[in-house]
Amino acid sequence: METVRINKNMNLDWKFTRDDVIDAWYKGFDDSNWRHVTLPHDWSVEEPFSKEHSSGTGYLPGGIGWYRKHFHLPEDLTGKRVYITFEGVYNNSQVWCNSYYIGKRPYGYSSFTYDITDFVSFGESSNVISVKVNHKDIADSRWFTGSGIYRDVYLTITDQIHIDQYGVFVTTPEVSEEEATVSVNVQLSNETTNDEQVVIKNTLLDQAGESLDSVIHTEMIAAESSFCIDQQMKIHHPQLWSPDTPYLYSVKTEIIKDGVVIDHSLTSTGIRYFSFDSNEGFFLNDVNMKIKGVCVHHDAGALGAAVPEKVWVRRLEALKEMGCNAIRMSHNPPVPYLLDLCDQMGFLVMDEAFDEWEGVKNKWSTGHNVYPPKHFGYYEDFPQWGETDIKEMVLRDRNHPSIILWSIGNEVDYPNDPYCHPYFKTMTGNNDANKPAAERQYDPNKPNAERLATIAERLVRYVKECDTTRPVTAAIAFPELSNRTGYTDTLDVVGYNYKEHLYEEDHKKYPDRVTYGSENSSSLEDWLIVKHNDYICGQFIWTGVDFLGEAQGWPIRASQAGFLDLAGFKKPSYYYRQALWSSEPMAFLSALPLAAAEGYGEPHWNWQDEEEMQVKCFTNCEEVELYLNDTSLGSKKVDDDKAYVTWEVSFQAGTLKAVAKGMDGQSYSYELETVQQPKKLEISADSQWLTASGQDVAHIEIYVADDDGNLVYTADNQIQLSIDGSGEILGLENGDAQDLQPYNSLVRKVHHGKLLAYVRSTKESGDMTIRAESPNVSMAEVKIAVATSQQTKIESNT
């Protein structure tokens, strides 16, 4: 058994109760009648939607829950140090180990680690971790948060002389195409009572694991003390990390005593350099590029906040195909694996800490901007925990090459929410009828917005105490005032939320300021401002994916601003953005009745005979010819800025086809076909194999089809799902923001003809069979093999 450093996943076999049990902290408490759950776990999506809950968090409940985990530690690990890490618990968690109280963490998005060495037992004696989660104030956010231990938990077991938590920091202070310097800062601790001599060795590895350079240092570390060292390595002709070529190196750090490795770690890194210029925008590896970003929240519809890694892989693959090259983690530290994926898949990242500082924001509970709001939230913990939480984020995430910006906050300067200022009395737009009345009034009894500059200055300092290699930014909601209060002066780079009309004026006023869109609409106009002004570095569109919460009012449970819906299915808006952003030739057709021809249209060709239609072709090609039943309706040139062309067409059943000519001289076609009545279900899985880990997942797509297998886009059939064998169904999602069917149901309607199911393997090898049934259409089923990783490898090779 590997005993140098053990990282043990602790996600399986937890006991859970959705209740406040007064003695559940006690090791000897009888939890035999509690539910068995696998982490990550979000209890909010296990319960029905209700109008009584907050619209801001998607009409799902919070409350109080308890988790308990029983485990053993082998006798041969006696004398080791033991730590437990929670990557995210929403929220107000308290943790006990074997009845000993370890600590609390209010912020639901922070990762945190406890040293439980003094409280654990080795050998036959069992250990119990007890966690209380108090999320009784459900209206504490402007979006869905989830409830529970919704991210991974793991144990780390080390020698008494060990690398500290987040104790390896890899930077690339000098980079060119010819040579790069890789600098490694290592912090380690000697927790013995003796002075000890150790060797610190760092080795730079390429993506294949081959050694490129190494460096060693011998040091006598005093008893019960820490030691920090910087070491440097060189690499000739490095492969530079970028969204197009996300090449990753790694640094192996070893602590050696008496010729034996007693601790080690492996840190992934990318070699790249970037800069922001106030006049010319963003440069990566000396290449000028636009940041084509989207904002994302952390939930996945039916799964709530407990999102497996593969779900984000599927989403990111779609966003990459769309032409997106950047992700804004709005508005909180993300799950760690999401940053790993951004490193691996090539996305620039804006890592964000907070949506709220010491001033509480309005939390809409009966519909967006519907008064009166509620006032729960992180503000009550920020004065005590803000420094800890932002430093934890930076220390945890600073080795990711994808991260180019640290954001200290989102829209904390929103007008009168809660900060006010005398400027409100003279500001233009004070009588904007589209704004709630409270946002149009000056209230001297509210906190003065000048306070924001003081807080921001402090937060920037905290970030730079942990990392000076990246600029610090914030998403500014009210630059008209924040430019006056000094808030924007504290930032290295200033993000504007929905303030494109100020870009030109502010560029003249503040010529040395680096500006970008930190949150923007998906309108063509907002993109063209970025495209045609060199000094605007890019934009982050709200949003990449639909998300639960921030709902307009019952019965809508979600924000529908995304290019992907709650199930990760692509919307027509996705294809228009692809036409604007992607360099890969593409074409896509949609249609709408001419009488209501606004928006992106619908991607189907089932309308009323002779109905007057507007047909749109979204494309990045030069010219498009449209055919209806093989008859040409004309060819049109495509405006590169506009990226679409339209025709007025009288509907006839059959085939509508666009043939686009790309700049490469090739033709690219897209068809819409009139489909017949629903006759059968089609089902597919994105994986033939899952590991028997109890944690591996697959996406199951079900759609309603006609006799020829064509998707019936207008179908709304109700589907009953069942599963046999070595798997379980985690949830069903159709992407319909108005569907209030409880998420724990195995019955759900299709939306636009489609439905998504998430399934998870058990710990038993075998097959799982997923079956979909619906009245009046033929059923469908799909099988997935579940095996140990070794079985999967052998049988796949066979």
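Visitor: How many bridges join strand β12 to β15?
Guide: Welcome! This is a predicted model, where local features need pLDDT of at least 70, side-chain atom pairs count only at pLDDT 80 or more, and totals for chains, interfaces and linings use all residues. Residues are numbered from 1 along each chain as its sequence is written, and side-chain values use heavy atoms, with hydrogens and water left out. Strand β12 covers residues 179-190 and runs antiparallel to β15; strands (E, at least two residues) and helices (H or I, at least four) are DSSP runs numbered from the N terminus, and two strands pair if DSSP finds at least two bridges between them. The number of bridges joining β12 to β15 is 12.

Visitor: Which residue in β15 stands opposite E179?
Guide: Strands of a sheet pair through backbone hydrogen bonds, either parallel or antiparallel. Here β12 and β15 are antiparallel, and the residue of β15 that stands opposite E179 is H236.

Visitor: Which are the edge strands of the open sheet?
Guide: The sheet has three strands in the order β11-β12-β15, with antiparallel pairing. An edge strand here pairs on one side only.

Visitor: What kind of aromatic pair do W357 and Y487 form?
Guide: Rings of Phe, Tyr and Trp (its six-membered ring) pair if their centres lie within 6.5 Å; planes under 30 degrees apart count as stacked, over 60 as edge-to-face and the rest as tilted. The structure holds 41 such pairs. For W357 and Y487 the centres are 5.7 Å apart and the planes make 70 degrees, so the pair is edge-to-face.

Visitor: Are these two residues, W357 and Y487, buried or exposed?
Guide: Buried means under 20% relative accessible area, exposed over 50%, and partly exposed in between (1.4 Å probe, protein chains only). W357 has a relative accessible area of 1%, and Y487 has 0%. On those values W357 is buried, and Y487 is likewise buried.

Visitor: Which side chain does the side chain of N362 make a polar contact with?
Guide: N362 lies in the loop between β23 and α3 and counts as buried, at 9% relative accessibility. A polar contact is a pair of N or O atoms within 3.5 Å; within protein, one must be able to donate a hydrogen and the other to accept it, and residues adjacent in sequence count only if both atoms are side-chain atoms. At 2.8 Å, the partner is the side chain of H375.
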